[in-house]
Amino acid sequence: MSSEQITLLDLPSKDPCSTWSLNPWKTRLILNFKGLDYKTEWTEYPDIKPKIEPHLPPNETGTPYTIPTIKLGDGTWIMDSRKIAAAIEKLHPQPCLHMDSPYLPKVEEILPKIFQNVIPFCYNRIPINLLNEASTQYWYTTRAERVGMPVQEFEKKHGGEAAYEGAEPHLRQMTELLKETEGPFFMGTDVSYADFVWAAALVFFERVDKGMYREILKRTGDEGPHKLLLDGCAPWLKRNDH
């Protein structure tokens, strides 16, 4: 029913428009996995705060207003991918996301360590490869403020081989987690939210820069389990543009 339809605020990309960012992908994977009725409201970076601020208090830490944000059919707004996951799991418990899986905190611990090393690539290449003109200047300004220099300089200083070497031990940790079962998922044949967190990251890396994605897969030590995970998640990765 239309009254139960969820609205997903997501970040658009250059034409052809489709989802690309890590955190919105987590939410979209959940919505697709659970087969929920939803529509996408594409929202450029400068429009995020004006659109969400009337409905929600700011995040307690980090950027005050962020995507993904969803609006439920009853008018409730929820911001932050982790909070969205918990809320949707409570409202629609089947199929189960296994939010209590022991793999989830492990994945969520490793992932920021990977990002900490490869973020110089992302900050510089996202506006070039993905953003529309409406968001480009916002990105350059806010990210330069965040890192204390232009993003081009940030990649030159902190990217390159040293960044991949820094990410490699954490990427190999993720590989070892995936290898604890026969796969394709962290829990074996059972899908869980942990799978969506890492699958979202892999898809994000590929969208940001295919060369970076290939290097990241190489640094995992074994590309097989990661590609197997993406193959397993393929049914829920299909809907990415509406």
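## Ground rules

In this predicted model, local features need pLDDT of at least 70 and side-chain atom pairs count only at pLDDT 80 or more, while totals for chains, interfaces and linings use all residues. Residues are numbered from 1 along each chain as its sequence is written, and side-chain values use heavy atoms, with hydrogens and water left out.

## The annotated span

An unreviewed UniProt entry lists residues 20-90 as "domain: GST N-terminal"; such annotations may be inferred rather than shown by experiment. The span is 39% helix and 15% strand, where helices (H or I, at least four residues) and strands (E, at least two) are DSSP runs numbered from the N terminus. Its end C-alpha atoms are 26 Å apart.

## The largest pocket

A pocket here is an open set of points on a 1 Å grid over the protein atoms alone, where a 1.4 Å probe fits, with protein on both sides within 12 Å along at least five of seven lines; lining residues have an atom within 4 Å of a point. The largest pocket holds about 1,300 Å³, the volume being the space filled by probe spheres set on the points.

Its lining has 42 residues, with Asn23, Thr63, Thr66, Ile67 and Arg146 nearest the centre. Helices giving at least two residues each include H1 (22-34), H5 (133-147) and H8 (193-208), but H4 gives the largest share, nine.

## The second largest pocket

You will find about 180 Å³ of space in this one. Ten residues line the second largest pocket, and Glu4, Ile6, Leu72, Gly73 and His92 are the closest to its centre.
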